[in-house]
Amino acid sequence: MTQAALARATQLQSNTPRLKGFEAVTDAAHYAGKGVVPIIYGPSGDGFHGDNECVEIDSLVETTKVIAATVLDMCGVKS
């Protein structure tokens, strides 16, 4: 799934996607604990977990397209 999402992000995003690991606490830990490798992917923004947290609308639209296309690819839907 990571490679499928990265391929779609490369195709659909205006910025070059970055693949990186980091330590954080998210709901993804519950999946990882069951052997499912999670990916954390989302729009660009500012003020992460702050009073003025926001996302960039263009980035939100791109992210939505990447996630939708990745789901269709993973489900075997052909255009």
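In which helix is the place of aspartate 73? Aspartate 73 lies in helix H3. The model shown in these views is predicted.

**View 1. Aspartate 73 of helix H3 and alanine 5.** Between their C-alpha atoms, aspartate 73 and alanine 5 are 9.1 Å apart in space. In sequence, 68 residues separate the two. Aspartate 73 has a relative accessibility of 34% and therefore counts as partly exposed. Alanine 5 is among the buried residues of helix H1.

**View 2. The buried and exposed residues of helix H1.** Helix H1 runs over residues 2-12, and its buried residues are Ala4, Ala5 and Ala9. Seen down the axis of H1, these buried residues fall within an arc of 130°, so they line one face of the helix. Gln3, Thr10 and Gln11 are exposed on the other side of H1. Helix H3 is included in what covers the buried residues of H1.

**View 3. A nonpolar patch on the surface.** The patch is formed by Val55, Ile57, Leu60 and Val61. Together these residues have about 330 Å² of accessible area. Helix H3, residues 57-74, contributes three residues, the largest share of the patch.

**View 4. Isoleucine 57 in helix H3.**

Methods: Residues numbered from 1 in each chain as written. Predicted model: local features only at pLDDT ≥ 70, side-chain atom pairs only at ≥ 80, totals over all residues. Heavy atoms only, no water. Patch = residues over 30% accessible without salt bridge, like charges linked within 9 Å, V, L, I, M, F, W, Y side chains within 5 Å. Areas by Shrake-Rupley, 256 points an atom, 1.4 Å probe, with all protein chains shown as cover. Salt bridge = Lys/Arg side-chain N within 4 Å of Asp/Glu carboxyl O. Helix = DSSP H or I, 4+ residues; strand = E, 2+ residues; numbered from the N terminus. Buried < 20%, exposed > 50% of the residue type's maximum accessible area, 1.4 Å probe, protein only. Arc of directions from axis to C-beta. Contact = heavy atoms within 4.5 Å.
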